Amino acid sequence: MQTESNNLLNPLELLKDSGIPKHLLYQSKIEVDHLICPICLNILWKPVACGQDKCFQSYCEVCINKWIQDQAVDVVLQESLYSQSLIIAPDSGSGSQYSSQSSSFSEMPQQIHIETTLPNCPKCKRPFKKTSIPIIHNLLDSIQLSCIYEECSTKPGYEQFQKHILQCPFRRINCSGCGLQQLQNELEQHQNQCEHVNIECSKCGNKMSRKQFQLHSIDDCVQQQFINKDNQIAQLQKKIDELNQKNQQLEQKICKMLKGESFDTIHQFSFKTMFTQNYQFAGNQAIEAKLIRPSFNMQKQKNDFLHFYINHKVKTQAVQGIIWRMRIQTLKGNLLIGICSTLCHYSIDFIINKLGEIKRKEWNENKYKLLRKGNFTFSEGDTLTFQFMPLQQCLRITNENRHIVCRFEPTEIIEMGDSFFSFFSLENQGDSLIFI
Ligand SMILES: [Zn+2]
Ligand SMILES: [Zn+2]
Ligand SMILES: [Zn+2]
Ligand SMILES: [Zn+2]
Ligand SMILES: [Zn+2]
């Protein structure tokens with residue numbers, strides 16, 4: 001960063017809060033008394049004038065603005081003193097200080113009136129109405145000034161003054177490296193050689209002084225490049241971790257939204273049936289149900305399943321219904337999925353198998369009717385999602401890439417009441433499902 005020297009007038013600071021120092025006036029054909037700001041006593045800079053009749057006093061814009069600001073602060077101070085005196089004024093009643101305060105404010109707000117007129121002109125003391133006087137500008141334009149740098153022989157006019165002192169070749173700027181003052185027009189050349197100036201290595205991107213850069217070996221540079229890459233990788237890794245975490249949270253949220261109320265209960269497997277002894281249940285988070293006994297009906301003249309139940313219940317009003325996911329671990333035989341009413345023993349049963357057959361049990365009969373064949377296949381290891389939606393009167397089954405919807409009759413749902421549980425049966429010894 002470039003800094004100006006301290007022992008000379010700083011062109012960046014010079015006209016910030018006052019006019020042009022009088023001693024910089026070089027030549028003027030006119031009397032300059034009119035061109036002096038009565039606040040800073042310097043030559044007017046960007047003058048504005050009081051618009052009151054017979055006043056027309058000009059001030060530097062910065063000077064009068066500061067004056068106005070100071071007056072505003074005074075008004076605020078007076079205002080706060082005034083309101084403080086209200087608060088601590090002794091109350092005629094015997095209430096606490098708090099109640100006396102609140103009653104003071106609530107009863108007499110209209111009596112608190114702070115005058116908010118324009119700030120007054122320092123000269124005529126009347127409200128300051130800003131105006132511009134062309135003749136003052138013309139007069140200022142006719143004067144000639146000296147540059148703030150003694151060596152400089154340029155005599156800029158009023159208009160060029162600010163621009164000149166900023167661009168003057170004699171302006172001193174401290175070198176950003178060694179800190180020594182340099183003439184503005186020599187600064188670049190100096191800084192191109194100064195060994196304290198920081199430069200950036202184009203290979204490793206590190207910043208160092210020119211002196212250090214000359215000692216910056218290829219080994220150092222390569223090592224630095226590795227360090228930079230490591231830092232980049234670490235930053236990226238951090239970002240990935242953050243994204244992963246966010247993703248996980250979102251997935252959990254979506255999961256919860258999809259599963260609705262039943263989310264919490266679906267993992268509370270309670271296998272309430274006389275047949276559960278035929279299964280082996282293992283696992284904690286995901287529960288594996290494996291059929292360990294052969295089916296009773298070895299001849300397979302009719303479907304013969306060994307049921308187990310999952311004790312999750314859902315009300316018909318639940319839009320999402322029951323959702324469960326299961327991975328098909330081993331499946332040689334058929335798989336039966338049923339939704340049963342807790343009120344009566346009616347149930348809606350489906351049979352699915354790896355061939356893609358979907359059969360539906362006839363209402364109140366023990367016969368199964370083929371609904372679809374071959375267009376919804378899955379393999380062992382696949383995960384299936386089941387969503388029983390009583391309000392939509394359907395069971396939706398989703399495999400890795402598609403879904404099918406099995407519809408029910410509205411009357412079936414009505415007859416079953418409004419509370420359900422699901423049950424599952426395997427047919428072939430050794431078949432197993434994992435509930436996840
Ligand atoms: Zn001034
Ligand atoms: Zn005035
Ligand atoms: Zn100059
Ligand atoms: Zn230097
Ligand atoms: Zn380098």
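What geometry do the four donor atoms give the site of the zinc ion (ligand 5)? I looked it up and found it tetrahedral, with angles of 102 to 119 degrees among the donors. I counted N, O and S atoms within 2.8 Å of the metal as donors (3.2 Å for Na, K and Ca), and water is not among the atoms, so sites may look incomplete. I called four donors tetrahedral if all angles lie between 85 and 135 degrees. The ideal angle for four tetrahedral donors is 109.5 degrees.

I noted that the model is predicted: local features need pLDDT of at least 70, side-chain atom pairs count only at pLDDT 80 or more, and totals for chains, interfaces and linings use all residues. Residues are numbered from 1 along each chain as its sequence is written, chains are lettered from A and ligands numbered from 1 in the order written, and side-chain values use heavy atoms, without hydrogens and water.

I then listed the donors of the zinc ion (ligand 5): C201 (SG), C204 (SG), H216 (NE2) and C221 (SG), at 2.2 to 2.4 Å. Along the chain they follow the spacing C-x2-C-x11-H-x4-C. C201 lies in the loop between β9 (198-200) and β10 (207-209) and H216 in the loop between α7 (210-214) and α8 (218-259), so this pair ties together parts 15 residues apart in sequence. Helices (H or I, at least four residues) and strands (E, at least two) are DSSP runs, numbered from the N terminus.

I checked burial next: C201 and H216 are both buried (under 20% relative accessible area; exposed is over 50%, partly exposed in between; 1.4 Å probe, protein chains only).

Note on methods:
Tetrahedral: all angles 85-135°; square planar, octahedral: opposite > 155°, others 65-115°.
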